[in-house]
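Welcome! Please take a moment with the sequence and the 3D view, and then follow the notes below.

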Amino acid sequence: MNVRAVEPSEVDTVVDVLSEAFHDDPVSVWVFPGDGRRAVALPIFYRAVVRGALAMGGHVDVAGDLSAAVVWTPSGAEGEPDGDALAGLADDELGRLGALVDVMVKCGPGGEYHHAQFIGVRKSLQRQGIGARLLRHGLDRYGTEPAYLEASTAESAKLYRRLGFRDHGPAFAVEGGPPMWPLWRDP
């Protein structure tokens, strides 16, 4: 499988891939309740995330056929995209998103690392190792630098542990929200 950096003309496809991959994710369901509303809100959110990551000096790696993507940001670049980038999201969605970002920053590590914010694969291609190959590509690129991510399901946390990540504290959640598992990987 060929892994490469996203081209600017491919951002819309990456947004579509991430929106599809995370449509039924517990965190997405909590932040953006309702299938119809989530179908509208996720593209707004992921467009802001992808553009923000690239603007901050992060990386967006894609499978050569654009069936999968991973968004990487440098440490200290985490946070909610600016309000203009999220125009179109409802106030309650922005409130849940803000609360989530706050707890993620509070539970996250200090120091220098690379944050794998989102790893998404088209639903029809999931469970074939594509996401793991994308993640390995980024880990190889960063070499001797540590990596961090939050798993949104216990199942995905198991995958990341197989790739050398270890627990970085207990699972955490926003009040009323689903748990997330913080994971750290030393090179």
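E3 and E4 run antiparallel to each other and are paired over seven bridges, where two strands count as paired if DSSP finds at least two bridges between them. Helices (H or I, at least four residues) and strands (E, at least two) are DSSP runs, numbered from the N terminus. Keep in mind that this is a predicted model, in which local features need pLDDT of at least 70 and side-chain atom pairs count only at pLDDT 80 or more, while totals for chains, interfaces and linings use all residues. Residues are numbered from 1 along each chain as its sequence is written, and side-chain values use heavy atoms, with hydrogens and water left out.

**The sheet**

- Seven strands make up an open sheet with mixed pairing, in the order E1-E2-E3-E4-E5-E7-E6.
- Strand E1 (3-5) and strand E6 (166-167) are at the edges with a single partner strand each, so one side of each has no neighbour in the sheet.
- E4 and strand E5 (residues 147-151) run parallel and are joined by two bridges; His114 stands opposite Ala147 in E5.
- Six of the seven residues of E3 are buried, where buried means under 20% relative accessible area, exposed over 50%, and partly exposed in between (1.4 Å probe, protein chains only).

**Helices around the sheet**

- H3 lies across E2, E3 and E4 and runs at about 50° to E3; axes are lines fitted to C-alpha atoms, for helices over the stretch in contact, and angles run from 0 to 180 degrees between N-to-C directions.
- Helix H5 (residues 130-142) packs on the sheet and touches E1, E2, E3, E4, E5 and strand E7 (181-185), with its direction at about 30° to that of E3; contact means heavy atoms within 4.5 Å.
- Which residues of helix H1 (residues 11-21) are buried? They are Val11, Val14, Val15, Val17, Leu18, Ser19 and Ala21.
- The cover over the buried residues of H1 includes helix H3 (35-55), strand E2 (59-63), strand E3 (68-74) and strand E4 (114-121).

**Asp61 and Arg141**

- Asp61 lies in strand E2 and is buried, at a relative accessible area of 1%.
- The side chains of Asp61 and Arg141 make a polar contact (2.8 Å); this term covers a pair of N or O atoms within 3.5 Å, and within protein one must be able to donate a hydrogen and the other to accept it, while residues adjacent in sequence count only if both atoms are side-chain atoms.
- The charged end of Arg141 sits over the ring of Tyr142, 4.7 Å from its centre (NZ of Lys or CZ of Arg within 6 Å of the ring centre and within 35 degrees of the ring normal).

**Aromatic pairs**

- The structure holds ten aromatic pairs; rings of Phe, Tyr and Trp (its six-membered ring) pair if their centres lie within 6.5 Å, with planes under 30 degrees apart stacked, over 60 edge-to-face and the rest tilted.
- The rings of Phe22 and Phe118 are edge-to-face because their planes are at 85°, with centres 5.6 Å apart.
- Phe22 is in the loop between H1 and helix H2 (26-31) and Phe118 in strand E4, 96 residues apart.
- Phe22, Phe32, Phe45, Tyr46 and Phe118 form one aromatic cluster.
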